[in-house]
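This briefing concerns a structure shown together with its sequence. Please keep both in view while reading the points below.

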Amino acid sequence: MNFNNIKIKFLNEIDSTNDYLKINIKDKKIIDDYLVITNKQTNGRGANGRNFFSDENGVYFSLAIFNKNFFNITPKVAVSVYLAIKNTFNIELEIKWINDLYYKNKKVVGILCERLLNENCIIIGIGIDLYKNNSLSKDMENIIGYIFDKKIDENTLIRNIVDNIYNLLDSQIPDIYIKKNRILNKDFFYKGKKFLAINIDKNGNLIGRDEFGFENVFFSSKDIIFNVTN
Ligand code: BTN
């Protein structure tokens, strides 16, 4: 499968592209791989129940894939976005374990992969802050970055990301996920305890070492706090 043979829908505005797919899959209106793309979400969702800011300066899309190997999907999607932006625009983002990408020390990409119970299907949601928003508050400006100074061909970018995702489904997580990860050798806190990020294993789990030299494996980024500057 690739970008050329999946169904694609463009919407001017939607609450959430992940939710759009979820509802239509549950209603059996979507039964094959499907991509939905918008430039504005009114209820964009992030990981761990957070909101995802989704104004007109970005592109937001979700890809439903049926009946494939979804193992370690989130790191593979992060690499797919990283490679697409590097190869198409020669811009190098940094990956932040587990599901974000950064540019110039600000988050510019968020990824939310959701499995549907009862369906052998995954919904891969990707939000990219493409252009500068001139009306952000100072607080928001410190958090939300942007990648491009000029309008780009957004469909080419999405095509490359989607094709990379399909190509990586049956592979291991590429080494680049670890090499380009900005958290390695940085401190983080989990339940008030300090750890040093020493490695990411081949399944994308973070290995943290505590102050006494004990190593712990972290499967998800929930409850893990990196310093703002990380
Ligand atoms: C995160 O940073 O916590 C994940 C953000 C994922 C955002 C994307 S945008 C397209 C898709 N639709 C959503 O509601 N969320 C994902």
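The points below cover a helix pair, the ligand site, one lysine and the backbone.

This is a predicted model, in which local features need pLDDT of at least 70, side-chain atom pairs count only at pLDDT 80 or more, and totals for chains, interfaces and linings use all residues. Residues are numbered from 1 along each chain as its sequence is written, and side-chain values use heavy atoms, with hydrogens and water left out. Helices (H or I, at least four residues) and strands (E, at least two) are DSSP runs, numbered from the N terminus.

**Helix pair**

- Helix α2 (residues 73–89) and helix α4 (residues 154–168) have axes that come within 8 Å and cross at roughly 135 degrees; axes are lines fitted to C-alpha atoms, for helices over the stretch in contact, and angles run from 0 to 180 degrees between N-to-C directions.
- That angle makes α2 oblique to α4, given that angles under 35 degrees count as roughly parallel, over 145 as roughly antiparallel, 65 to 115 as roughly perpendicular and the rest as oblique.
- Residues in contact (heavy atoms within 4.5 Å) include Val-77, Val-81 and Phe-89 of α2 and Leu-157, Ile-161 and Leu-168 of α4.
- By class, eleven nonpolar, five polar and one charged residues form the contact of α2 with α4; Ala, Val, Leu, Ile, Met, Phe, Trp, Tyr, Cys and Pro count as nonpolar, Asp, Glu, Lys and Arg as charged, and the others, Gly among them, as polar.

**Ligand site**

- The ligand is surrounded by 21 residues (a heavy atom within 4 Å), and the closest are Ser-16, Gln-41, Arg-45, Ala-47 and Lys-107.
- A nitrogen atom of the ligand lies 3.2 Å from a polar side-chain atom of Thr-17.

**Lys-22**

- Lys-22 belongs to helix α1 (residues 17–26).
- Leaving aside residues up to four places away in sequence, Lys-22 touches Arg-45, Glu-114, Leu-116 and Ile-123.
- The side chains of Lys-22 and Glu-114 are joined by a polar contact of 3.5 Å; such a contact is a pair of N or O atoms within 3.5 Å, and within protein one must be able to donate a hydrogen and the other to accept it, while residues adjacent in sequence count only if both atoms are side-chain atoms.

**Backbone**

- Most residues other than glycine have a negative phi, and most peptide bonds are trans.
- The peptide bond from Trp-97 to Ile-98 is cis, with omega near 5 degrees, and Ile-98 sits in the loop between β4 (94–96) and β5 (100–103).
- Lys-104, in the loop between β5 and β6 (106–115), has a positive phi near 50 degrees.
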